[in-house]
Amino acid sequence: MPMGAIIARYLKVFKSADPAWFYLHVLCQFSAYVVGVAGWGTGLKLGSESVGIQFDAHRTIGIILFCLGTLQVFALLVRPKPEHKYRLYWNIYHHLVGYTVIILSVVNIFKGFDILEPEKKWKHAYIGVIVALASTAVLLEAYTWFVAIRRKRSESEGKLPYGGVNGGEGNGVYGHGVRTQQA
């Protein structure tokens, strides 16, 4: 699931990655959803067979994850077009629910480790994967800002005095919105 978020956050910046980033994002998130539903089903089965043994926090987080994940899948059916006036609100919802699901998933996996008490190497391996994904996200975030700032500079440097790009009417002197009188 974090890979799908990383793909959506950082690949869509590159015009050449459109629409591939979207399909990769959907593939990762749908795969995570299927694995999550399988885990939820396994939890229901084990819970029904383990009378008197309850892991309330793990179960509650699992139910919340199932509900939020299912809500995300169905939200795709009502996703507005990019130019629609409600798309901003849909994006806010999608990001908030998506990042909440990722955080709750990480927490619940640690709760599962505490329940199962596997060898420490499994928990350490999981921590390694989370650290690697977080480090990748931080590096890509820095690179994305670098690319965005460089694009903004190159766009503003391409503007000529007297309000235009290549002599046409434009956004003012050097793109700052200050209008000058042309000679």
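I began with the UniProt record, an unreviewed entry, whose annotation "transmembrane region" covers residues 21-40, 60-78, 90-113 and 125-149; its positions are given in the numbering used here, feature names are shortened, and annotations may be inferred rather than shown by experiment. I noted that this is a predicted model, in which local features need pLDDT of at least 70, side-chain atom pairs count only at pLDDT 80 or more, and totals for chains, interfaces and linings use all residues. Residues are numbered from 1 along each chain as its sequence is written, and side-chain values use heavy atoms, with hydrogens and water left out.

I then looked up two of the annotated spans. Residues 60-78 are 84% helix and 0% strand, with end C-alpha atoms 27 Å apart, while residues 125-149 are 100% helix and 0% strand, with ends 36 Å apart by C-alpha atoms. Helices here are DSSP runs (H or I, at least four residues), strands likewise (E, at least two), numbered from the N terminus.

Next I turned to helix H2 (residues 20-49) and helix H3 (residues 56-75), whose axes come within 10 Å and cross at roughly 145°; axes are lines fitted to C-alpha atoms, for helices over the stretch in contact, and angles run from 0 to 180 degrees between N-to-C directions. In their contact (heavy atoms within 4.5 Å), Tyr33, Val37 and Trp40 of H2 meet Gly62, Ile63, Phe66, Gly69, Thr70 and Val73 of H3.

Last, I checked Leu65, which lies in helix H3 and is buried (under 20% relative accessible area, 1.4 Å probe, protein chains only), at 15%. Leaving aside residues up to four places away in sequence, Leu65 touches Val101, Leu104, Ser105 and Asn108.

Methods: Buried means under 20% relative accessible area, exposed over 50%, partly exposed in between (1.4 Å probe, protein chains only).
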